[in-house]
Amino acid sequence: MNELIPPHTRGESVFVDDIPEPKNMLHTAVFVSDIVHGKIKNLDIRIAVKSEGVVKIITAKDIPGENQLGRIIQDEELLAEEKVDFIGHPIVVVYAETKEQANRAKELITIDYEELPAIFDPRVAAKKGSLIAPSRTFTLGDVDSIWDSCETIVEGRAESGGQEHIYMEPQGSLAIPREDGRVLLYSSTQNPSTVQSTVAKILGFDMNKIEVDVTRLGGGFGGKEDQATAWAAICALGVYYTSRPVKLILDRQEDITITGKRHPYSTDYKIGIDKEGKILAFSADYYQNSGAAADLSTAVLGRTLFHVTNAYFIPNVRVTAYPCRTNLVPFTAFRGFGAPQGMYVIECALSHIADESGIPISILQEKNLLEDGDQFPYGMITKNTHAKRSFAKVIQDSQYELLKKEKEEFNAKSKFLKKGISIMPICFGISFTSTFMNQAGALVNVYYDGSVNVSTGAVEMGQGVNMKIKTIATRFLSIDSKRIRVESTNTSRVINTSPTSASSGADLNGKATEFACLKIIERLKNLANEKLGEGIITIENEVVYLDGVKTELVWEELIWLAYTNRVNLAAQALYATPGIYFDNEKEKGKPFAYHVFGAAVIEVTVDCLRGTYTIDKAHVVHDAGRSLNYLIDLGQVEGGLVQGIGWMTLEELQYVDGKLITDALATYKVPDVHFAPEIKATFLEDADNPYAVLESKGIGEPPFMYGIGAYFALKDAAQAFRNDKEWDYTAPLTPERILLYLHNLE
Ligand code: MOS
């Protein structure tokens, strides 16, 4: 065992499926709907019940509490009762001695349906009034009166596809029976308190009878923000009926088929500019394909509306978004949470009007970037704005003008290989748009040997939040980081947690950690004053100073002294982001603590005979505030960028009559290391952020949106081959789609 290599990279981290299996544990198989929409007729489990190894089979009627997964809107049954609304809706659960026996019994279940008409297209759903919730409209200025003053106006349609999360660890849970009917749940969730509360509701329990413990996830990306709950509930129901431990881990194909993904959107836009290229007006209607149940769709829709203007100031805006109910698996959170869908559309509109007006898109972008004092369509005024600075810096760092010249020279000489470049600025709001969710708790325990355990509501999912929490505790306690351990996320230690999402995990939980550490430091200082006399006490690198003079008192002794003097060495704290609010009636407010800015330049080469392409290079200038951890933040920038490029290029969800046919990694292509571009990422200097812990900024989601630049770089290259044809603003821009553009194929 090499101590220099962290356990995680030695493959020693424990995920749900790695927890040593308790004896007597049961395995689970979930029987799901294989039609898109219909009434359940003749569900027959009689033969399955008698199958070897089966201990219990349950259907909707066996649910002791409420058969309901929905949180924002109560519209999703855990187990379908009379009707199914999508392929993959769970109907029956089998608990058996082995996984094979559970699967075999599942095969023996029979069902008939009365099939009902289905909708897959969000525009059709909107026309039929099939909405999850009412549409929402944000307005600024007056678009209607301004169109006449525009020099150029274009209108068009933009389509963006969904995206599968492909977290390395599939969804799953292990439930353990505890004394007195209580249940301990290990769950691969970003949202332990929601698992706790929803499972309690389903079992008809109080929340205090359910304990959820999360050590780490093998990736979440939003896919486990709301959609981990069903599997935990199914395991807990097994415990309820059998009093035995129960495990369910979805296999990859099941996970891809029956869990939610990024929302596809179809959008109509209209944009107008003046002679100089200033954007005067922008309007759009966004049709969100929400799937068959609400899940987080309304919140995702909101974040789309908050990001319709990306990093630009547009004085006149009217945008409306419709959450459209269809018969696909309920779509859910995915890195960016609706913002990428919004930001893609404004970039399409800019690209379109650049082609129409002859003003290069880079000029249009640059001219309209946000500056301090500009207003977003939702009323917030931007400050500490780094849009222009990051844009200018990426142009300089990438030598954009030179790249452009080289590209033009290359394209003039090369017949079939064409190069393309794009610039992608970003602006992303940090905070949950539901204000009340911007809270987090921390519990800091100092043991009497001087070692420290920190618990927070943050879930480690590979994004490095535990390392950041540790850094924060190290700074505020001013002790060796080796003394500090960051504990699992546990609903008995830190309660009522918000999900680890919205790029806010380190911001919220880090600040709560700061507060809790400072409480302990305060008590220790008082104690030191009692022992050392009056004066200003400071603790630096484990040593106590009195009025700036080093004393003999060091951390371990100080803690022992505190213990023997019966000083409280545990501290709990809550952080609630100050100063944010939103008025849902007026659709105005200050929903975000701050914004993250940045810009990327992306270079591509398209093989115009084949439609294939390479994403050659990405230059990124990112605003990470004062980074809490350079390597972690760099990893988030690189990973986010590549995931965003995947969404825009290779990753295509293909459905046939509502059935997902790209349901395996053999048919759903995600970017790999060979496809990823060479990435040159730097962080913006002098970008300290007064609105988050230690001047840092949230990092999880914003870099995803740099990937949108890949789409426009590919468009640039393809149009170097031919530009006599209208561009179809549809993503992902797969090689097939490029080929169809380049040649007159049908
Ligand atoms: Mo994230 S998409 O806010 O879990």
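**Helix packing, a buried serine and domain layout**

In this predicted model, the axes of helix 17 (residues 708–721) and helix 18 (residues 735–742) come within 10 Å and cross at roughly 30 degrees. Since angles under 35 degrees count as roughly parallel, helix 17 and helix 18 are therefore described as roughly parallel to each other.

**Helix 17 and helix 18**

- The crossing that helix 17 makes with helix 18 is right-handed.
- On the side of helix 17, the residues in contact are Leu714, Ala718, Gln719 and Phe721, and these meet Ile738, Tyr741 and Leu742 in helix 18.
- Sorted by class, the contact of helix 17 with helix 18 has 6 nonpolar residues and 1 polar residue, with no charged residues.

- Ser290 has its place in strand 14, which covers residues 279–291.
- The relative accessible area of Ser290 is 0%, and because buried means under 20%, Ser290 is buried.
- Leaving aside residues up to four places away in sequence, Ser290 touches Ile132, His263, Ser297, Pro323, Cys324, Pro330 and Phe331.

**Domains of the protein chain**

- The domain assignment gives domain 1 as 7–117 + 165–258, domain 2 as 265–433 + 584–742, and domain 3 as 439–576.
- Between domain 1 and domain 3, the C-alpha centres lie 37 Å apart, and the contact takes 19 residues from domain 1 and 16 residues from domain 3.

Conventions
Residues are numbered from 1 along each chain as its sequence is written. This is a predicted model: local features need pLDDT of at least 70, side-chain atom pairs count only at pLDDT 80 or more; totals for chains, interfaces and linings use all residues. Side-chain values use heavy atoms; hydrogens and water are left out. Axes are lines fitted to C-alpha atoms, for helices over the stretch in contact, and angles run from 0 to 180 degrees between N-to-C directions. Helices (H or I, at least four residues) and strands (E, at least two) are DSSP runs, numbered from the N terminus. Angles under 35 degrees count as roughly parallel, over 145 as roughly antiparallel, 65 to 115 as roughly perpendicular and the rest as oblique. A crossing is left-handed if the near helix is turned anticlockwise from the far one by less than a right angle, and right-handed if clockwise. Contact means heavy atoms within 4.5 Å. Ala, Val, Leu, Ile, Met, Phe, Trp, Tyr, Cys and Pro count as nonpolar, Asp, Glu, Lys and Arg as charged, and the others, Gly among them, as polar. Buried means under 20% relative accessible area, exposed over 50%, partly exposed in between (1.4 Å probe, protein chains only). Domain bounds come from an automatic or database domain assignment.
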